[in-house]
Amino acid sequence: MSGKPAFAVGTNLLYDLLLVPNITVKAAFADRLTLDADWMCAWWSRKSRHRYYRIYGGDIDIAYRLSPSASPFAGHHLGLYASLVCYDFQFGRKNKGLLSDKYNYAVGISYAYSLPLAPRLNLDFSLGVGYMWGQFKKHSPIDDHDVWVSTHKNHWIGPTRLGVTLTWLLGSATNAKGGKR
């Protein structure tokens, strides 16, 4: 890595397909280390029909590039991540909903592969496997109110992150041929 800082911004296309606006900010430091921070937020509601779709949260990931590359963001990466998320899913007047009125958390190991598409554009494929915990409430619409039905604990070991991210390289980061290999 040169002495100049390398940055990138992106958007997870899978979240975009689900109509969840999101942003990813990446920074490269040291020789093969990158730090990624993601945030997503969607707050769709048609209160008269009880259609909710609230989700927000984010994560942070520190990753090590496994192979030498001219770009700090290209190639294979292995990392550690932590994330948090809140949600409220309910569709229609007769459907029960799921609500996490407090954050649910996850920690784990991440793997990513960044495929260069152009000198300043990558397509990143990522997967995170780890442990997720928290609680959620089931609720049901009655008249004009959502009525709490039950509370459940959430414990999950397995995939907790998935991404296909379109990333734009900024600063000194580039996928140009040449440089150290």
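Where is the place of Leu 19? In this predicted model, Leu 19 sits in the loop between α1 (13–17) and β2 (22–29). Its phi is positive, at about 60 degrees, although Leu 19 is not a glycine. Leu 19 is exposed, and its relative accessible area is 58%. The cut-off for exposed is over 50%, so Leu 19 falls in that class. Ala 30 also has a positive phi, near 60 degrees, and is likewise a residue other than glycine. Ala 30 belongs to the loop between β2 and β3 (33–46).

The next topic is salt bridges. The whole structure holds five of them. One joins the side chains of Asp 36 and Lys 26, with 3.8 Å from N to O. Asp 36 lies in strand β3 and Lys 26 in strand β2, so this pair ties together parts that are 10 residues apart in sequence. Are the two residues buried or exposed? Asp 36 is buried, with a relative accessible area of 14%. Lys 26 is buried too, with a value of 9%. Both values are under 20%, the cut-off for buried, so both residues belong to that class.

Lys 26 has another partner. Asp 124 forms a salt bridge with Lys 26, and their closest N and O atoms are 2.5 Å apart. This pair links distant parts of the chain, with Asp 124 in strand β7 and Lys 26 in strand β2, 98 residues apart. Asp 124 is buried, as is Lys 26.

A further salt bridge pairs Arg 161 with Asp 59. Their closest N and O atoms are 3.8 Å apart. Here too, distant parts of the chain are linked: Arg 161 is in strand β8 and Asp 59 in strand β4, 102 residues apart. Arg 161 and Asp 59 are both buried. They also belong to a network of salt bridges that links Asp 38, Asp 59, Asp 61 and Arg 161.

Which strands supply the lining? At least two residues each come from β2, β3, β4 (51–65), β5 (75–90), β6 (97–118), β7 (121–142) and β8 (145–171). The largest share, eight residues, comes from β8. By type, the lining divides into 23 nonpolar, 18 polar and seven charged residues.

Notes. Residues numbered from 1 in each chain as written. Predicted model: local features only at pLDDT ≥ 70, side-chain atom pairs only at ≥ 80, totals over all residues. Heavy atoms only, no water. Helix = DSSP H or I, 4+ residues; strand = E, 2+ residues; numbered from the N terminus. Buried < 20%, exposed > 50% of the residue type's maximum accessible area, 1.4 Å probe, protein only. Nonpolar A, V, L, I, M, F, W, Y, C, P; charged D, E, K, R; others polar. Salt bridge = Lys/Arg side-chain N within 4 Å of Asp/Glu carboxyl O.
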